[in-house]
Amino acid sequence: VASFALKEPAQVQQRLSIHSAMSPAELMDRYGQSCIHFLSSRTEGFPNVTAEAACMGCSSVGWGAIGAFDFFSRDGFGSVYQTRHPSKMALALGEEARHWSNGLRDPLKSSIRYRSLFLAPEVAQRVKALL
């Protein structure tokens, strides 16, 4: 667990997984075991890792200043925090966890939707249609 997480109670530490670089197979396996993808970045264009996670049925939580997170939130499969502060991040993660607990997230349905948006053949078809 990262040093910042060591300040949290043991029950919180047990629920956190912070990883370094992973192979594509390891990443797919991790997404398959997860529900929520959390990205704490301050800046991103469009975070491809978030799209990958969505294709595997993970919802997303991230900063509202990054447009992708507003997209997922408006699309009904993610939560955002508007202020980059640990308490606001925790509230957004808690909100997303409640959505899962209350049965408001359908990973299979969402995976199908996001694969239709983000998989390379789908993107290529949309680009080709613009030409």
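A: Val12 counts as partly exposed because its relative accessible area is 31%; buried means under 20%, exposed over 50%, and partly exposed in between (1.4 Å probe, protein chains only). The model is predicted, so local features need pLDDT of at least 70 and side-chain atom pairs pLDDT 80 or more, while totals for chains, interfaces and linings use all residues. Residues are numbered from 1 along each chain as its sequence is written, and side-chain values use heavy atoms, without hydrogens and water.

Val12 sits in helix 1 (residues 10–13); helices (H or I, at least four residues) and strands (E, at least two) are DSSP runs numbered from the N terminus. Together with Leu16 and Ile18, Val12 forms a nonpolar surface patch of about 210 Å² accessible area (Shrake-Rupley method, 1.4 Å probe; for residues, only the protein chains shown count as cover). Patch residues have over 30% relative accessible area and no salt bridge, with nonpolar side chains (Val, Leu, Ile, Met, Phe, Trp, Tyr) joined within 5 Å and like charges within 9 Å; a salt bridge is a Lys or Arg side-chain nitrogen within 4 Å of an Asp or Glu carboxyl oxygen.

Turning to the fold, 3 strands make an open, parallel sheet in the order 1-2-3, pairing requiring at least two DSSP bridges. Strand 1 (36–39) and strand 3 (78–81) are at the edges, each with a single partner strand, so one side of each lacks a neighbour in the sheet. Strand 1 pairs with strand 2 (residues 59–63) over 4 bridges, and Phe38 has Val61 of strand 2 as its bridge partner. Helix 3 (residues 48–55) packs on the sheet and touches strand 1 and strand 2, contact meaning heavy atoms within 4.5 Å.

Terms used. Axes fitted to C-alpha atoms, helices over the stretch in contact; angles between N-to-C directions.
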